[in-house]
Each structure stands twice: as structure tokens, then as C-alpha cells.
Amino acid sequence: MPAQMTSPRLTYRVLREEDWPFYLAVSQDRSVMKYISDPRSVEAIRTHSFDVRLPTWYPGCKHWLCLVIEEKISGLPAGFCGFIDRGDGIAEFGFILAADAQGKGYGSESLHATITFCFEQQAYRKLTATVTAGNEASRQTLISAGFIQEGTLRQNFFLDGQWQDDWIFGLLKQEYPLSR
């Protein structure tokens, strides 16, 4: 990562091999994964989610920049955030917090840090996010940061034995106050 992301209570660092136990624990927590993924085998999580996020990220690459969110005071991991370049100056944002880190405002704090990083240091012009319909906590976090719900993709994601709608959010650089 060419520059640093910062926020008041959290630090951010690139995902490393030694993060596997925490990544696996979060990925297997049904309360965390309710709107993200059906249960998967350890091998599937490792191969399709973790390993693909380990290569060095650079602007324009085709994989996610996955950052480990850590509490500054305790040094403990709280979750993950990051983005993927979707081309034409657009990055798609995502985040996931461990169950014990939820409700502390870490999602919002990491979102603002990522927005600032993407707009000020990476020169993106727009950020997007996709949220499974019903995930009100993520929806409210995005809206509170200035994202606008641009639409709904009906029956777009198969989860929990049925097709789910996805909410699509967007934030343009000129819409975000960079003086946070």
C-alpha cells in the first residue's frame, strides 16, 4: 500500500498469512456472515476468499485490497475493510466486522478512512458498495457517510436457500466532504 490510512481509534494494515485464524473465525461466524455468505468449508474460505486477497495490491490490479482493522489501544483485530478497482475511476468498497467489534462505530470509522484514502490518495472519482437487502446496519453506515442508494438489483444473490435483492450504493468524490 503506497500510503497510509488513518482514523482515530483504528489502524489498518495489509492482510498477511498470519491473519488466517482470525479471517477463518470471522468467516465461520453465522451472525457475521448472515448477509454475506452461506456456510463454506475451510478449504473454500481459504482458497476463494483468503488466498486471493494476499497478493500485493497496486492501483489497477484485479483483486481486493484487503486491510485488517485493528483497535489502536488493544492491538486486537476487529475486522476487515478494503476495495477493488472496477475501472474508469471507480472502486467498490466492502467491510466486515467481527461480532464483538460491531456496534462500536468501527464500520463507519473504517468507511470514512477508506473514502479519504480512495479519493485523496488513489484519485478515484466514485465509490460503490453492494449490500444484501435487509442488512440495515450496513445500509445506514453507508448512508451516514453520504452514499446514495442508486438502485436495487432484484434477485441478484443466492443466499440462505433463496434469491436475495442487492442494494447498490454510490458516492461521488465531489459529494464527500474531505475535511473530516
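**A helix, its aromatic neighbours and a buried aspartate**

Helix H1 (20-28) is part of what covers the buried residues of helix H3. This is a predicted model. Start with H3 itself.

H3 spans residues 42-50, and its buried residues include Ile45, Ser49 and Phe50. Why do they lie on the same side of H3? They cover an arc of only 70° around the axis, so they share one side of the helix. An α-helix has 3.6 residues a turn, so residues three or four places apart point the same way. Now turn to the other side of H3. There, Glu43 and His48 are exposed.

Next, look at the aromatic rings. How many aromatic pairs does a search of the whole structure find? The search finds ten. One of them joins phenylalanine 22 and phenylalanine 80. Their ring centres are 5.3 Å apart. Their planes meet at 40°, so this pair is tilted. The pair links distant parts of the chain. Phenylalanine 22 sits in helix H1, phenylalanine 80 sits in strand S3, and 58 residues separate them. Phenylalanine 80 has a relative accessible area of 4%, so it counts as buried.

Tryptophan 57 and phenylalanine 83 form another pair. Here, too, the ring centres are 5.3 Å apart. The planes stand at 80°, so the pair is edge-to-face. This pair also links distant parts of the chain, 26 residues apart. Tryptophan 57 lies in the loop between H3 and strand S2 (65-71), while phenylalanine 83 lies in strand S3. Tryptophan 57 is buried, with a relative accessible area of 7%. Phenylalanine 83 is buried as well, at 1%.

Which residues form one aromatic cluster? They are Trp20, Phe22, Tyr23, Phe50 and Phe80.

Finally, follow strand S3, residues 77-87, to aspartate 85. This residue is buried, yet it has no salt bridge. Aspartate 85 has other partners. Its side chain reaches the backbone nitrogen of glycine 87 at 2.6 Å. Its side chain also makes a polar contact of 3.0 Å with the side chain of tyrosine 124. Set aside its neighbours within four places in sequence, and aspartate 85 is in contact with Gly60, Cys61, Ile90, Ala91 and Tyr124.

Terms used. Residues are numbered from 1 along each chain as its sequence is written. Side-chain values use heavy atoms; hydrogens and water are left out. Helices (H or I, at least four residues) and strands (E, at least two) are DSSP runs, numbered from the N terminus. Buried means under 20% relative accessible area, exposed over 50%, partly exposed in between (1.4 Å probe, protein chains only). Lys and Arg count as positive and Asp and Glu as negative; His and the chain ends are not counted. A salt bridge is a side-chain nitrogen of Lys or Arg within 4 Å of a carboxyl oxygen of Asp or Glu. A polar contact is a pair of N or O atoms within 3.5 Å; within protein, one must be able to donate a hydrogen and the other to accept it, and residues adjacent in sequence count only if both atoms are side-chain atoms. Contact means heavy atoms within 4.5 Å. The arc is that of the directions from the helix axis to the C-beta atoms. Rings of Phe, Tyr and Trp (its six-membered ring) pair if their centres lie within 6.5 Å; planes under 30 degrees apart count as stacked, over 60 as edge-to-face and the rest as tilted.
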